[in-house]
Each structure stands twice: as C-alpha cells, then as structure tokens.
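Reader: I am new to reading sheets in a protein model. Could you take me through one slowly?

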Amino acid sequence: AIITTPDLSVTEIPRVVGSTLTNVALGQVNITANSDRIVDIDFDVNDGDSVLDANGQTITHNGEAITWLNVGAGKLYGQLSDGTQVFRIKLPSDLSLDSEQSTNVSVSVILREAIDHLGSQSSMLTVAVPIVLIDQDGSRFVDLMQVNVDDGLNPSLPILALADNSVDEHELLTKDKIKTSGNIILETGSDDIVSLTLADGFSLSGITTRNGVGVSLNLSLIH
C-alpha cells in the first residue's frame, strides 16, 4: 500500500501581523491499496510518547513535554500531564478500501495552546505526526505528516508606567531613603509571560553620588 500525507501549516493565536494562517488546518491523505484490502488508518504512536519535531527533539509548552494520547475513533491529542490539550488531530474513525483502489481521506489539525519555539526554530517548527495504514494481512505502512507551527505574536510593553515614578532627592535631607512605584502594563502575545526582568546590558554606569561614588545596581533587591 502507498500512503502520502499532506504538509499542513498552523499558527499560534494571536498571529503575527501579515500572517494568513489560523490555528486550524485541513488536508487530504492519499491512499492506494495494493493486492490486499486496506482495513484501517490510524496514528502510529504509543500513549505517553513525547511529541517530536522534525529533528527528533521533544516539543514543549512552557518547558513541559507534550505527549501523545490516541483516544481512538481517529482522534489524536498532544497534551500536557494535567490533560490540557495543546493540539488535536483528526482522521476518519474507520477506513475500508478494496485492493488496487485509491482514495483520499480528510485530516485536520487544531492548535489549542502555544508551543515553545527555541533556538533555530524560534519562528517556526515542524511537528512530525506518524500516520499508518493497515491492510488485511496486518501489514503497516507509515508516513510522517509534517505540521508546520508558526510562532505567534510577541508580548509588548506599550506603556511602561502609569503612576508617578519620579523622586525628589531633596527629601534625603530629612529621610534615610526614598522610594517610588508605578504600574507596568503587559500585553501578552501567543505565549504565556513567565518572567519580567531588566533588559540585558542595563546599568547605572556614569551615575555617581554627590561625593563622586559610583552607583551600582543590586539585582538581588529587585522583586
């Protein structure tokens, strides 16, 4: 038998400006039977196996490995340990194809959560989905469906502070220290925001006290 799977593409939501992709993709799997009748189509995975990219690396969500769960009836989930579905893939619930015949069957992919785009795959990575045909002799014919997943919109800091975040050093004449506070507005992108830190390279270089002592930044005091 011969099986040819499509290459599909989805994107995290919200998507980047200019992208025409959505988090849903549809395609057709082309199937040709040889001398034996085709009796089923399924996913060639074991429950609990890590979902891999095209380079054989485990795909993660916020650092947690995504694993396969084949629930049957043509449904495959990529999920987290708590059952959160990161994506869903759907094939026909059953298939029967006579010998020497050909047909196309539908396959769909829905991306429900963001995945980690790291290193050289910071903008797009490819999920490898093994799909298997089974004939009446029990022979198995596997093809890897490639699902390209684009990274979505990045988070942003549109307004850095809303409260008064200035200080008056004249107050130090009567106080040991002075402080100020403000609010930072965060606009999330397609991925969860897991930390907020000072930008790389930020320093107080060139700032001194009135006695000429250099001012340094103690990151351990920043919460």
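**Reading a sheet**

Author: In β10, I31 has T103 as its bridge partner. This is a predicted model, in which local features need pLDDT of at least 70, side-chain atom pairs count only at pLDDT 80 or more, and totals for chains, interfaces and linings use all residues. Residues are numbered from 1 along each chain as its sequence is written, and side-chain values use heavy atoms, with hydrogens and water left out.

Reader: How many bridges join β3 to β10?

Author: Strands of a sheet pair through backbone hydrogen bonds, either parallel or antiparallel. Here, β3 (residues 24–32) and β10 (residues 102–111) run antiparallel and are joined by 9 bridges; two strands count as paired if DSSP finds at least two bridges between them, and strands are DSSP runs (E, at least two residues) numbered from the N terminus.

Reader: What is the order of the strands in the open sheet?

Author: The open sheet has 6 strands in the order β1-β3-β10-β9-β8-β7, with antiparallel pairing. Because β1 (2–4) and β7 (67–72) stand at the edges with a single partner strand each, one side of each is left without a neighbour in the sheet.

Reader: Is β8 mostly covered or mostly uncovered?

Author: Strand β8 (residues 75–79) is mostly covered, since 4 of its 5 residues are buried (under 20% relative accessible area, 1.4 Å probe, protein chains only). β8 pairs with β7 in the antiparallel sense over 5 bridges, and 5 bridges also join β8 to β9 (residues 85–90), again antiparallel.

Reader: Which residue is the bridge partner of G78 in β9?

Author: The partner of G78 in β9 is F87.

Terms used. Buried < 20%, exposed > 50% of the residue type's maximum accessible area, 1.4 Å probe, protein only.
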